[in-house]
Amino acid sequence: MTDMLFTPKSIGSVTIPNRTVFLAHETGFAEDGLPTERDAAYYSARARGGVGLIVGPSSMLVHPSASNPMYASGYDPDVIPRLETIADACHEHGTKVFAQLQHTGGEDSGEFAMRETWAPSAVPSEFGYEMPKRMETEDVEEIKLGFAKTAEHVQRGGLDGIELKAGHDGILRQFLSPKYNRRDDKYGGSLANRVRLVNEVIEAIRDRVGDEFPVGIRLTLDEMEDEGYDYDYAVEVIRRLHPSLDFIDSDIATISKLYITDAPMHAPLAYTAEYYGAARELVDVPVIAAGRINDLGKANDLLEEGRADFVGMCRQLICDADTVRKARRGDDDEVVHCIACNQNCLGGIHTKGHVGCIQTPRSGREADIPHIEDVDDAPQSKSVLVVGGGPAGLSFAVTAADLGHRVTIRERDDQLGGQSNVATQVDSRREFGDAVRNLQNQLGNRDVTVETGVEVAPDDVATESWDAIVVATGATEREPELPGPDVHRSWDVLRGEPVGDEVIVLDNNKHAAGVGTAEQLAVDGHDVTLVTTAYHPGDRLEGTNVPPFLETLYEHDVDVVTHATIIGFEDGVAQVMNVYSQEVTTREADSLVVAERREARTGLGEALRERVDDPDTVHRVGDCVAPRLIDTAIYDGEMLARELSA
């Protein structure tokens with residue numbers, strides 16, 4: 001039941017149509033410091049999807065001393081018409097829009113603007129790592145003025161309210177923090193002094209926008225850093241905040257601990273509930289929950305239990321912009337649930353330059369890829385055979401069925417899922433399987449024929465009548481170059497192939513396979529050594545995924561050997577060579593498990609093209625073209641379905 005979730009509630013003078021909030025985050029769409037049409041399309045998609053409140057676009061920087069190409073320069077008056085475009089696009093669907101105002105302080109880099117960073121004290125962040133400039137009194141005054149001007153721009157841009165960021169990054173939290181604020185003037189020393197800047201900023205904003213314009217704060221409730229503040233300290237901060245605040249949006253940790261703020265799938269759903277639940281007991285204004293909420297039924301439970309007044313979702317609504325609309329109309333099986341892989345939301349910012357989602361090709365590309373509901377059915381319904389029921393084949397099948405094609409899937413294994421069935425053998429990665437389960441749920445709502453346990457032979461297919469054949473046979477893990485009866489592939493071990501008590505894992509994969517295999521073997525009680533040529537295990541993983549793996553490895557006494565490889569393994573002795581010094585040492589082990597790179601299964605696609613009458617009717621998608629990550633497999637599948645339907 002989601003009855004409470006869909007009831008309106010006011011924040012200050014503004015009534016939000018339901019209790020769902022799309023939380024602020026980087027998008028990567030800004031150009032020359034200003035929001036773009038891509039921002040408007042991105043936020044409009046979530047408004048169309050039914051969310052009650054959007055906090056965006058991204059973060060609005062309040063002063064040139066905080067320069068970041070990912071953010072909008074809110075202090076620039078040219079931002080006003082861009083905000084109007086975003087506001088109009090969201091208001092069309094009844095969604096309210098607040099802007100998040102922030103200054104990144106000492107938790108960013110000054111390299112973009114080629115200038116120093118500002119902070120309350122000369123205390124470097126483990127994230128930005130630059131030694132910041134201690135702000136002088138006139139700098140503090142400039143920051144206050146910047147917040148006030150930016151707030152005025154937001155109001156003139158037609159948005160509905162403001163959120164101040166004193167969250168996991170930002171100068172306001174740094175002033176609150178005993179670790180980052182070591183001043184001895186009126187802005188430091190006592191807790192009352194550390195809160196002073198936040199309250200003066202609120203007063204400066206009120207002077208510009210008035211008392212009826214909603215103003216709230218996103219507040220870190222526990223910095224979770226050595227010398228940082230804890231929840232008890234945050235309570236005292238909350239008690240001293242300016243009385244005109246209209247809401248509190250919950251946050252946790254700092255950007256130096258982003259793997260806690262935006263926890264990957266190692267963390268359970270709603271893992272921060274105890275923090276915002278406790279905070280709500282302190283205040284008479286609405287509190288917004290945040291922290292791995294991807295199910296609206298559970299979200300409603302948080303409201304019913306009194307833990308929050310609104311439910312903030314960021315990654316879930318990046319993953320599926322239509323989450324709220326689907327749940328409201330009872331199409332729960334159609335919801336694409338976020339799996340907290342962090343590959344294309346956080347990771348995409350740094351690899352692709354913009355936010356996205358591995359499961360949803362349209363996410364972050366709304367200006368270029370139309371909503372499937374807005375795409376006409378194919379002019380000719382085609383009979384299509386899909387060979388392979390992994391992510392690429394399933395993605396194609398779902399989209400092709402939506403566009404009017406008659407689709408049959410043949411999968412040689414007894415279950416769908418492809419390589420994801422290997423990944424989910426690691427306990428901490430089991431949720432990764434939801435990416436396939438989401439597609440299977442959607443498949444079940446469409447008229448698609450699914451045949452499992454069927455091996456497809458080129459000659460058999462060539463004699464059948466298909467308008468198109470889509471080969472999605474994926475990839476396989478390469479055989480280790482080191483031979484021997486005690487040398488195993490990581491995939492085989494994860495599927496249950498037995499190994500000895502003492503195991504060396506050689507990570508030639510450098511993504512999740514090696515570190516995941518080592519973690520699972522350690523959890524299962526093996527004595528594990530992990531060897532990698534990289535600087536740390538999981539070198540190619542997204543940054544927020546690495547620390548939880550490392551924590552588990554060290555918790556289970558895994559011996560991690562970096563900058564090294566295995567050049568020989570015989571009679572229970574491994575030759576370990578440092579790749580820089582070339583020094584060779586030996587280690588004893590019962591088994592060597594090698595996590596290798598993958599190679600494409602190209603045979604069927606090539607054979608079919610030789611046997612069918614028209615080779616152009618045979619298409620390959622996903623890893624059988626070239627082994628990549630799951631996002632490209634899903635993207636390949638959906639894009640081919642759209643292309644065949646044009």
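Predicted model: local features only at pLDDT ≥ 70, side-chain atom pairs only at ≥ 80, totals over all residues.
Residues are numbered from 1 along each chain as its sequence is written, and side-chain values use heavy atoms, with hydrogens and water left out. Local features need pLDDT of at least 70 and side-chain atom pairs count only at pLDDT 80 or more, while totals for chains, interfaces and linings use all residues.

View 1. Helices (H or I, at least four residues) and strands (E, at least two) are DSSP runs, numbered from the N terminus. In α3, the residues that meet α5 include Val-140, Phe-147 and Glu-152, and those on the α5 side include Leu-197, Ile-205 and Arg-208; contact means heavy atoms within 4.5 Å.

**View 2. Salt bridge between Glu-152 and Arg-208.** The closest N and O atoms of Glu-152 and Arg-208 are 2.7 Å apart. A salt bridge is a side-chain nitrogen of Lys or Arg within 4 Å of a carboxyl oxygen of Asp or Glu. Glu-152 is partly exposed at 25% relative accessibility, and Arg-208 is partly exposed at 35% (buried is under 20% relative accessible area, exposed over 50%, partly exposed in between, with a 1.4 Å probe and protein chains only).

**View 3. Salt bridge between Glu-431 and Arg-292.** The closest N and O atoms of Glu-431 and Arg-292 are 2.5 Å apart. The pair links distant parts of the chain, 139 residues apart: Glu-431 is in the loop between α14 (420-423) and α15 (434-444), and Arg-292 in the loop between β12 (287-289) and α9 (296-304). Glu-431 is buried, at 18% relative accessible area, and Arg-292 is buried at 7%.

**View 4. Salt bridge between Lys-352 and Asp-631.** An N to O distance of 3.1 Å joins the side chains of Lys-352 and Asp-631. Lys-352 lies in the loop between α12 (346-351) and β14 (383-387) and Asp-631 in helix α21 (residues 630-645), so the bridge ties together parts 279 residues apart in sequence. Lys-352 is partly exposed at 37%, whereas Asp-631 is buried at 9%.

**View 5. A salt-bridge network.** Salt bridges link Arg-48, Asp-322, Arg-325, Glu-373 and Asp-374 in a network. The whole structure has 42 salt bridges.
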